[in-house]
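Me: I would like to learn how to read the features of a protein model. Please take them one at a time.

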Amino acid sequence: MNRPKIAVITGASRGIGKALALCAAQQGYHVALCSRRHTQELAETAAKIQAMGRECLLFQGDMGNAEEVAAFFTQIKDRFHRVDLLINNAGISHIGLLQDMTTEEWNEIVQCNLSSVFYCCKHTIPLMLQEHKGKILNISSVWGEVGAAAEVAYSATKGGVNAFTKALAKELAPSGIQVNALSLGYVDTSMNQHLTEEEQEELFAEIPIGRPTNPEEVAIFALQIAESSEYLTGQILRFDGSWI
């Protein structure tokens, strides 16, 4: 009898994370979800997943905090005993000139966007090693490939995620674990609502496909990556409508 797969998705209360959680459940996964804030939205997502007949573990915590990540994975091990898919989606943005950025803001974005990937992978890898298989997908950005003015810190963290992905893929490939990153262009989420309507129109004109993507499209592609051949590993898979 085939046992249900287990997916861990960070930053799952809204936007891309919520879409990933729902898509994973639709694909038959039981899920462990976390969010630093927005607990009501996370509970609403969990209710939809449970209505599909899937199990759902919820955790409120900061994946940029090593102790809170350890607590999350203790619950995962106690409940599910294994992890088949880890999607590192938790992240924040910072818009502004680097010279105006405080040390506290720098540390926060590094912890949330990059250290969280390390912490979650560190706890996931032993669980995957015991099964000699598993998939890790890190949600990244095209700015991690080419950089963006006024988003230097964000670009640096996503560039770090990309390098982390390539190196970890080489380390884990002999153990049957695949590691990839999804490099996203403009996604229509609350994180990008700082742009005015005019700025959005100018940006869309730069995207050959003429529009942003949406969380549901991202989630469908992410789960396709998760179900792909073991030969797909160490890749930064760009999903940007040919923008960059």
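Me: What should I know before I start?

Reply: This is a predicted model, in which local features need pLDDT of at least 70 and side-chain atom pairs count only at pLDDT 80 or more, while totals for chains, interfaces and linings use all residues. Residues are numbered from 1 along each chain as its sequence is written, and side-chain values use heavy atoms, with hydrogens and water left out.

Me: Is strand β6 buried or exposed?

Reply: Start with the cut-offs: buried means under 20% relative accessible area, exposed means over 50%, and partly exposed is in between (1.4 Å probe, protein chains only). In β6, eight of the eight residues are buried, so the strand is largely enclosed by the rest of the structure. Ile177, Val179, Ala181 and Ser183 point one way, Gln178, Asn180, Leu182 and Leu184 point the other way, and all are buried.

Me: Which strands pair with β6?

Reply: Two strands pair if DSSP finds at least two bridges between them. Strand β5 (residues 134-141) runs parallel to β6 and is joined to it by eight bridges. In this pairing, leucine 137 stands opposite asparagine 180. Strand β7 (residues 236-239) also pairs with β6 in the parallel sense, over four bridges. There, arginine 238 of β7 stands opposite serine 183.

Me: Where is cysteine 121, and is it buried or exposed?

Reply: Cysteine 121 belongs to helix α4 (residues 103-129). It is buried, at 1% relative accessible area.

Me: What is a surface patch?

Reply: A patch is made of residues with over 30% relative accessible area and no salt bridge; like charges are joined within 9 Å, and nonpolar side chains (Val, Leu, Ile, Met, Phe, Trp, Tyr) within 5 Å. Accessible areas come from the Shrake-Rupley method with a 1.4 Å probe, and for residues only the protein chains shown count as cover.

Me: Which residues form the nonpolar patch with about 260 Å² of accessible area?

Reply: Leu98, Trp106 and Val152 form it, and the area is their total together. Valine 152 lies in helix α6 (residues 152-172) and is partly exposed at 38% relative accessibility.

Me: Which residues gather in the patch of negative charge?

Reply: Glu197, Glu198, Glu199, Glu201, Glu202 and Glu206 gather there on the surface. Asp and Glu count as negative and Lys and Arg as positive, while His and the chain ends are not counted. Each charge is placed at NZ of Lys, CZ of Arg, CG of Asp or CD of Glu. Glutamate 206 is in helix α7 (residues 197-206).

Me: What is a salt bridge, and how many are there in the whole structure?

Reply: Side chains of opposite charge can pair when their charged atoms come close. The rule here is a side-chain nitrogen of Lys or Arg within 4 Å of a carboxyl oxygen of Asp or Glu. A search of the whole structure finds seven.

Me: Which parts does the pair of glutamate 131 and arginine 3 tie together?

Reply: Their side chains meet in a salt bridge at 2.4 Å, N to O. Glutamate 131 lies in the loop between α4 and β5 and arginine 3 in the segment before β1 (6-9), so the pair ties together parts 128 residues apart in sequence. Glutamate 131 is partly exposed at 25% relative accessibility, and arginine 3 is partly exposed at 46%.

Me: What about glutamate 227 and lysine 5?

Reply: They form a salt bridge in which the closest N and O atoms are 3.4 Å apart. Glutamate 227 is in the loop between α8 (215-226) and β7, and lysine 5 is in the segment before β1, so the pair ties together parts 222 residues apart in sequence.

Me: Which residues have a positive phi although they are not glycine?

Reply: Among them are histidine 38 and histidine 132, each with a phi of about 55°. Histidine 38 is in the loop between β2 and α2, and histidine 132 is in the loop between α4 and β5. Histidine 38 is partly exposed, at 28% relative accessibility.

Conventions. Helix = DSSP H or I, 4+ residues; strand = E, 2+ residues; numbered from the N terminus.
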